Amino acid sequence: MCRLTESDKITTDVDSLRSEIRDKSVRVIDVRRKDDYKQDHIPTAVNLPLATLLSDDSPERVLKLVTSMGIDDDLPVVVYDDTFGALASRVAWTLEYIGHSNVTLLETTYGHWKSLGLENDSQIPDIQSKEHSLHLHSEILATSDYLENAKTRDNVILIDNRERLNFLEQHIPGAISLPYRTLATKDKILRSKEDMKRLLDNRGITGNSEIITYCGSVGTLSGLAYYALKSVGLPNTKLYVRSFKEWKNLHKPTEKQEDASYWDLSAE
Amino acid sequence: MSKIYNQTKRNFIILTVFDLKQSAPDSAKPKINWARIEEADNFAKTVKLFRQGKYDEDSFRRFRLQHGAYGTRMTGDYAMVRIKLPAGEIYPNQFEKISQLSEQYSIGSAHFSTRENIQLHWVILEDVSEIFRGLAEVGLTSREACGNSVRNVMCSPLSGVCPDEEFDSTPYALATARFFLRNPMAQNLPRKFKFNFTCCEKHGMVRMVDVGLIPQIRNVDGSSQRGFKIFLGGGLGNKSYIGYQLEEFTPEEDLLYTSIAVMRIFDRLGDRKNLARNRMRYLVNDMGWEKFQNLVFKERAIVRATQSIITQLEVDLIPNEIKRPIRISDESIASTPDGFARWLKTNTVKQSQIDYRSVFITLEAGDITASQLNALSDIIREFSSEGKARCGFVQNVALRYVHEDDLQRMYSKLLEVGLAKSGALTMTAPIGCSGTTSCNLALTNSHRLAKEIQRKFLELKLDEDDDLSDSSIKISGCPNSCGQHGIATIGFFGGGGRVGKDMYPNYQMSLGGRSDGDTMLGLTCLRIPAKRVIPVILKIIEIFKQNKKSDDTLKSWIHRIVNGNEDSKIKSINDIKKILEPLIISPTKENDPDFYLDYGSDTSYHTKTGKGECAA
């Protein structure tokens, strides 16, 4: 468990990032779409659209992407998006998975960064490849087989991070619902440690239980939840990265809230 | 009358003065903080104790309801949080907070109730305290929104702007809410207790509630005195009653004494055993009105003589600041947007203040999305000269003090966010209680039926038909009247029907109910299968059109029929029944499987209910 020695920092605040950029001591990754990135981005940021990553997120491919972004084993990485931190979380988690130990999320979204009047430009930085080692951290990944097995144990908490109506309609048996919106505040992608702790305490998400998060399809919303749980120091958290889409495709059992027409209460 | 004139004139003067003021960048902020943050912590702790088995089921239910968290259909895992909006007032920052809370802890939509509450459904019980926390940030509470307490104190959405009112009762409604909230005398009543203030006879619901109040001015020796017409002992429910007027005139000093006196009598004599008959209306009607009335007079004399002089309503009579928001850019609209005239006619009313209108937002059975709530708060800031909104009586919300010149621009903004549907003030906006979408007692999906009727009727443009505009359709999912079917021109309550072994959703229809000066309960007509409700209403409209007199509305025509005063071919409910009967013949399941399904469901219909929370 080499992770225990690492910093427990989950997010990087705006001011720290600005000074790290000035010191050239950070690699900033913008995970928005290419066109958005081209228009403007945080100075020195490189672009890794989530779709590019997802087209093949095998460790070997991710390693290539990481080295091409000039990230070595020691360089701190800060990831941001404009999607309440969910896409950034998925990218950060992937880096963590292949063994990059110093990756954090920008505490806010790019939209908010801009609304604060902070610097941005459209320059595309010149990046030299760097070497990066590969040490898979399989303890942060849950596969469907792993999940199915884990569910039979008592001390495992399975968290569904989709919206409440989706959860009511269908979910993995035994899961509890913690919609991704619950994790954020108006201008931060994660609520404060104290607030997060209280929320999770109330829900019984505490202590040494093993926790597995999942969402709809590619592990973005649940990626954010993964970091939310880490932010309060819950030590044993895994992401079921292929999430509910794979679960259904494999025809594994699901559960629903019976005898109520909750959809008709929605104004959508 | 001179006082009324002065009143109006005074308002007018205030308006013109404030019109000249520069609009402040900050929007209006709530004047009263209804919240207590410690209740959030206390609730969270109590839920934990309950889950650990250290709190018994019944005590916990009482505690939960006292804090405004209601049970949910077929599950103990979820609650509905009912946020009280005293006098129906709501400010933009409060809308924004509720929007956020609905996304975080509910289903991404919120629901306007018929009693000026906003409800968040399908909230995990353990998250309720987080909602309390959020509400406290903007001064709102759900305390005593359920349970045996004084429920949200209502006030007409037109109070203060109604051309027919004698004075604005809003400050009195707020003061009453303030006095009874968390008041020890209102924590353990035999049953819930409701106050409705209104503006005038026409816009009120004063005879269908425990205490209903219409503001009145009396002239004594040349000086005018404020007071109320007070109605007691009415209410809708499994059995509904119409309230009685206490006395000709109750001066404003006696408002609190009367309220306390009535509640003390109810507290002392109300039925605490028979849970199905413990509302005050049963007490009044079992005892007989005259006896009850005398008791109130005696008790009021005692209260008056024994209460300390500091027991008073804090009525804040400082008028609201009215200032037309300044337009930042001059985006004049080139052409009139589509549907504007129709919307103007069916969604807005002229205020007593010249050049201003109140705009009612059409919702579907009271539902609104999180993003629409946000949009609405911006629209209030941009268009309402009082900087806040008022909830209506019919699952809707009104923005008042909108300047005539701003209406087109406001309509365009509403269009952008899907809130510009017409018909808010017509029969095409039916009430539908939550039904099987969340309620334990529901037998049918009344909520969805209300939406289906609205969609169909707007498509047929029935909102534009002047003959129909003063009628109403109200639907409950069970006999308990949350959908207020008893006071609808055409009312429905849900139940199950049966053909052989197959069940289908069914509604008891009533005709001729109303809640104005001629308040009466609708008369039972026929049981209508859910999937035949729309054709049946259309048929009633058709019969009406064939038989109406030239200046009749559907409401006035039905009123004559149910009172036996109609002289045309259709004289009675029986005559209507005969025409409708062919429409409600049950088809076989093979011929029409859809008949056997409720709206919003694709599995076979069966009635299924859980335990009610009402009598906790």
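Trainee: How far apart do the C-alpha centres of domain 1 and domain 2 of chain A lie?
Mentor: They lie 24 Å apart. Domain 1 of chain A covers 2-136 and domain 2 covers 139-265, with bounds from an automatic or database domain assignment. This is a predicted model: local features need pLDDT of at least 70, side-chain atom pairs count only at pLDDT 80 or more, and totals for chains, interfaces and linings use all residues. Residues are numbered from 1 along each chain as its sequence is written, while chains are lettered from A and ligands numbered from 1 in the order in which they are written.

Trainee: How many residues of domain 1 of chain A are in contact with domain 2 of chain A?
Mentor: 18 residues of domain 1 of chain A are in contact with 20 residues of domain 2 of chain A; contact means C-beta atoms, placed from the backbone, within 7 Å.

Trainee: Which helix gives the largest share of the domain 1 side?
Mentor: Helix 5 (residues 86-98) of chain A, with seven residues. Helices (H or I, at least four residues) and strands (E, at least two) are DSSP runs, numbered from the N terminus.

Trainee: New topic. What is the strand order in the open sheet of chain A?
Mentor: The order is 6-10-9-7-8, with parallel pairing; two strands pair if DSSP finds at least two bridges between them.

Trainee: Which are the edge strands?
Mentor: Strand 6 (141-142) and strand 8 (176-177) of chain A, each pairing on one side only.

Trainee: And how many bridges join strand 7 to strand 9 of chain A?
Mentor: Five. A:Asp160 stands opposite A:Tyr214 in strand 9.

Technical notes
Two residues are in contact if their C-beta atoms, placed from the backbone, lie within 7 Å.
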